[in-house]
Amino acid sequence: MNAQVACLLVLGVGMGLKAQQAAPEKDVLIFTNGDQLSGTLERSVGGNVVFKSDMAGEITVPLSQVKDLKTHGAFAVLKHGVPVAQSKKVVPAPVEITTETVTVQETAQVPAQTVPAKDVAYVVDKQTFDSALARDISFFRGWNGAVNLGTSFTQATIHGGTISTGVSLIRQIPVVPYFRPRNRTTANFLENYGVLTTPAVISGTGSDEQAKTSIMHADAERDEYISKNVYVLATTAFDHNYSQSIALNQLYGGGFGWTVFNKPLHQLDLKADAHYQRQGHFDPSLNLNLFGSTFSEAYRRSLPYKMVLTQTAAFIPAWNDFNAYSANGGVTLAAPLFKRLALSVTALDSYINNPDPGYKKNSFTFTTGLTYALR
């Protein structure tokens with residue numbers, strides 16, 4: 001029995017020593033005033049160090065307050081203005097960060113190198129670097145967005161119902177939000193459809209009468225950034241609006257966009273393009289081939305209690321037919337309910353200056369429903 005106990009003790013001590021040896025070493029952040037924190041460097045972006053402390057949690061520290069920080073993990077040092085193709089060749093290694101410099105420690109793969117802190121755009125860990133920059137991301141990865149659904153039904157003498165559904169997708173590369181974007185792809189689909197049936201005994205026409213509404217919008221856009229805030233874009237859009245005599249409106253074009261600001265609290269984009277537009281009416285004799293432009297803005301704002309407000313507006317003149325202009329706008333408020341599920345309220349307004357005779361120029365839709373965030 002004593003021998004067995006002794007063997008167990010030796011085994012336990014050995015396992016404990018291995019666990020201690022396997023535990024990663026902590027990084028130590030030394031402030032300019034002499035204070036120290038132990039933990040792990042998360043990243044360095046925009047002149048700030050993000051450090052996960054054992055005691056204080058994740059904190060953001062300006063480089064001006066960092067006297068010394070040596071990492072035990074491997075990090076990639078990315079300089080300002082270096083093309084993505086060259087950034088992919090960077091080999092992550094342990095680094096030392098001070099107020100003035102970032103030094104890459106010598107390893108078997110890379111020599112020691114010291115870079116002025118003002119020339120460094122990012123210091124990112126190996127895992128993030130490999131997944132977001134070093135390898136090309138497949139088309140099916142990195143998508144974000146939401147799916148929403150709203151319905152209403154009436155069963156009485158006059159009966160019918162409406163359904164509203166939509167899908168909004170966005171994919172920005174690199175997928176890590178604090179990296180400067182290289183490109184962005186968006187796709188949206190929206191359908192509001194309703195039928196209301198009036199029995200013949202009430203309509204007085206000898207047969208049931210149906211009132212229909214059908215408003216469909218779909219679009220896709222690809223943005224390629226040429227600077228931090230400016231990008232070129234290619235866009236296409238399709239619209240069908242039963243209440244405005246539009247059988248199918250098609251738009252194909254390209255232009256420029258400007259991200260005025262992109263902050264955690266809010267974001268604003270302004271865009272302008274030149275396009276070809278095929279305006280298809282219910283009456284084919286009124287169909288038009290138009291050459292015009294779209295001037296638009298898109299705004300997003302985070303509100304208290306994790307609510308999100310999004311707003312868009314666009315003006316679409318036709319340069320070869322000044323009478324065939326249109327405009328649209330929308331506002332959506334999403335309030336979280338449970339995890340990825342949210343309650344959404346949307347108001348959409350569409351205006352066309354040249355509908356078929358007998359149709360109104362303006363169409364307004366107000367819908368409520370549930371929204372599910374994809375991630």
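Predicted model: local features only at pLDDT ≥ 70, side-chain atom pairs only at ≥ 80, totals over all residues.
So, a salt bridge here is a side-chain nitrogen of Lys or Arg within 4 Å of a carboxyl oxygen of Asp or Glu. Let me walk you through some of them, and then we'll get to the rings.

Start with aspartate 54 and lysine 26. Their side chains meet in a salt bridge, with N to O at 3.6 Å, and because the cut-off is 4 Å, the pair counts.

Next, lysine 118 and aspartate 119. This salt bridge has its N to O distance at 3.4 Å. Is lysine 118 buried or exposed? Exposed, with a relative accessible area of 65%. Aspartate 119 comes out as partly exposed, at 31%.

Now over to helix H3, residues 126-134. Lysine 126 forms a salt bridge with aspartate 130, and the closest N and O atoms are 2.8 Å apart. Both residues lie in that helix, 4 residues apart, which is about one turn. Lysine 126 is partly exposed, with 41% relative accessible area. Elsewhere, salt bridges with shared partners join Arg184, Asp223 and Asp269 into one network.

Which ring does the charged end of arginine 184 sit over? The ring of tyrosine 231, at 5.1 Å from the ring centre.

Okay, aromatics. The structure holds 8 aromatic pairs. Take phenylalanine 282 and tyrosine 359: this pair is edge-to-face, 6.2 Å centre to centre, with 70° between the planes. Phenylalanine 282 sits in the loop between strand S17 (266-281) and strand S18 (288-302), and tyrosine 359 in the loop between strand S21 (341-352) and strand S22 (362-373), so the pair ties together parts that are 77 residues apart in sequence. Both are partly exposed: phenylalanine 282 at 31%, tyrosine 359 at 34%.

The other pair I picked is tyrosine 325 with tyrosine 351. The centres are 6.2 Å apart, there's 25° between the planes, and the pair is stacked. Again, distant parts of the chain get linked: tyrosine 325 is in the loop between strand S19 (308-316) and strand S20 (326-338), tyrosine 351 is in strand S21, and they're 26 residues apart. Tyrosine 325 is partly exposed with 28% relative accessibility, and tyrosine 351 is partly exposed with 25%.

One more item on the rings. Which residues form one aromatic cluster? Tyr242, Phe282 and Tyr359.

Note on methods:
Residues numbered from 1 in each chain as written. Heavy atoms only, no water. Buried < 20%, exposed > 50% of the residue type's maximum accessible area, 1.4 Å probe, protein only. Helix = DSSP H or I, 4+ residues; strand = E, 2+ residues; numbered from the N terminus. Phe/Tyr/Trp six-rings, centres within 6.5 Å; stacked < 30°, edge-to-face > 60°. Lys NZ or Arg CZ within 6 Å of the ring centre and 35° of its normal.
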